[in-house]
Amino acid sequence: MTPCHACGETARPIEGVVFRDFDGSLFSRAGVIRHCAACGLGAVDTGLSDAEIARHYADDCLYVEMTGVGVGGNTPEDLARYGHYAAIVAPQVDEIAAKAGLVDVGCSRGGMLRDFRARPPGLPLTGIDLDETSLASLEEAGIAAKAGSALDLPLETGSQSMLSYLHVFEHILDTDAVLAEASRVLAADGLILVEVPDAADYGAADARVGTMFWLAMKEHVYHFTERSLTAILARNGFAVLDAVRSHLPMRAGKAYPALTILARKRSDVAAIPLPAPAEPDTALPDHIAAESHAFAEQERALSAFIARHEHLAFWGMSLEFLALWARLGDRLKDAHGVRLFDGNAGKQRLTVDGVAIGPAGPPQPSEGLIVCAYMASEAIMREALRLGWDADDILVLE
Ligand SMILES: [Zn+2]
């Protein structure tokens with residue numbers, strides 16, 4: 001029996017996972033999702049360590065060349081998200097401004113810091129990330145940037161008034177170590193702002209990204225609920241001031257379920273209330289069952305499409321593609337000449353099972369095109385038609 005990482009109750013294995021990543025990636029591995037019905041936490045166990053994961057973000061990560069939640073960009077959707085954070089922080093902003101300001105841990109390209117710099121009261125701002133390429137762009141924008149890890153912050157003990165961790169906690173196994181380090185660098189009564197995907201709402205009809213989207217997130221080692229994150233914060237001496245569950249915008253009119261928590265460091269850990277017991281939380285297993293059903297339908301549509309084509313091309317080397325390839329890659333690669341397309345120059349340096357990724361091109365005879373990017377499918381469709389692909393030879397995964 002495995003105890004739940006968040007609440008200590010029993011965590012039971014509910015689903016096997018097989019991740020396929022670009023060649024050489026440490027994430028090409030199998031494991032299991034364990035779920036705790038008491039607090040709702042899902043923990044993905046593939047045997048990775050935080051040290052291995054940290055090396056990935058420092059050395060291999062492509063966030064600097066990507067768009068999406070968590071890479072610190074400045075798309076209209078990113079700006080809406082930063083407004084959401086600003087509203088949650090607003091009641092405390094004078095307090096933070098009067099002290100040391102805000103440090104964004106895992107800031108990536110620092111989109112939120114750039115946005116906050118333009119908002120009154122002009123907080124002192126610092127970004128910290130493992131990825132030094134991302135930090136360089138922040139420094140060019142005139143914002144303080146430091147290389148460092150959430151597990152070893154380059155900050156003096158007791159020196160800070162507020163730390164933010166936006167889409168960081170779901171990437172690190174030892175959340176207690178992250179919070180111990182936060183506690184070390186924060187002054188008494190310091191604040192933290194944490195956002196993670198809200199696993200209790202993965203299945204929300206108006207915030208569903210696409211088939212198997214969250215389960216295919218190979219970098220996510222936890223699927224958090226409000227109860228599970230609150231329990232982890234409480235035992236590490238952080239009392240929740242505000243917990244906001246919302247659906248925040250993503251590209252292509254999509255949305256994702258977000259859990260944003262503002263918490264304050266307290267010296268009297270024993271006095272921090274724990275989340276009240278509740279009914280068994282089955283949101284994650286229910287979601288997995290629904291997505292498995294959706295994936296089986298996707299596979300049926302694919303099989304019919306494949307039967308009509310001798311060759312296949314896949315456009316969009318996204319997690320959607322990798323999730324598909326994890327299950328069907330061996331079959332597809334052996335039976336068909338496969339081409340892999342992506343417009344991202346960083347991805348064009350990579351391979352999947354030895355197949356090189358290149359820029360998209362016109363169709364070859366009897367070749368079907370499978371579009372695997374939930375948030376870019378319309379743009380890819382337009383470009384494919386322009387390149388001479390026939391609409392009947394294109395399958396868009398949803
Ligand atoms: Zn639990």
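A residue is called buried when its relative accessible area is under 20%, exposed when it is over 50%, and partly exposed in between, as found with a 1.4 Å probe on protein chains only. By this rule Cys 39, at 1% relative accessibility, counts as buried, and Cys 36 is buried as well, with a relative accessible area of 1%. The structure is a predicted model, in which local features need pLDDT of at least 70 and side-chain atom pairs count only at pLDDT 80 or more, while totals for chains, interfaces and linings use all residues. Residues are numbered from 1 along each chain as its sequence is written, and side-chain values use heavy atoms, with hydrogens and water left out.

For four tetrahedral donors the ideal angle at a metal is 109.5 degrees.

We turn next to the helices and strands, which are DSSP runs (H or I of at least four residues for helices, E of at least two for strands) numbered from the N terminus. Helix α7 (residues 226-235) is largely enclosed by the rest of the structure, because 7 of its 10 residues are buried. These buried residues are Ser 228, Leu 229, Thr 230, Ala 231, Ile 232, Leu 233 and Ala 234, and they pack against α6 (175-185), β9 (186-197), β11 (238-249) and β12 (255-265), contact meaning heavy atoms within 4.5 Å. After α7 comes Gly 237, whose phi is positive, near 90°.

Another pair of elements is α8 (residues 283-307) and α9 (residues 319-335), whose axes come within 12 Å and cross at roughly 35°; these axes are lines fitted to C-alpha atoms over the stretch in contact, with angles running from 0 to 180 degrees between N-to-C directions. In this contact, Phe 295, Gln 298, Glu 299, Leu 302, Ser 303 and Ile 306 of α8 meet Ala 323, Leu 324, Arg 327, Leu 328, Arg 331 and Leu 332 of α9.

Gly 316 sits in the loop between β13 (311-315) and α9, and with a relative accessible area of 6% this glycine is buried. Leaving aside residues up to four places away in sequence, Gly 316 touches Phe 321, Phe 341, Asp 342 and Cys 372.

Some details of the backbone complete the tour. Most residues other than glycine have a negative phi, and most peptide bonds are trans. Ala 252, in the loop between β11 and β12, has a positive phi near 60°, and at 55% relative accessibility Ala 252 counts as exposed. Ser 366, in the loop between β16 (355-358) and β17 (367-371), has a positive phi near 50°, and at 31% relative accessibility Ser 366 counts as partly exposed. Finally, the peptide bond from Pro 120 to Pro 121 is cis, with omega near 10°, and Pro 121 has its place in the loop between α4 (111-117) and β6 (125-129).
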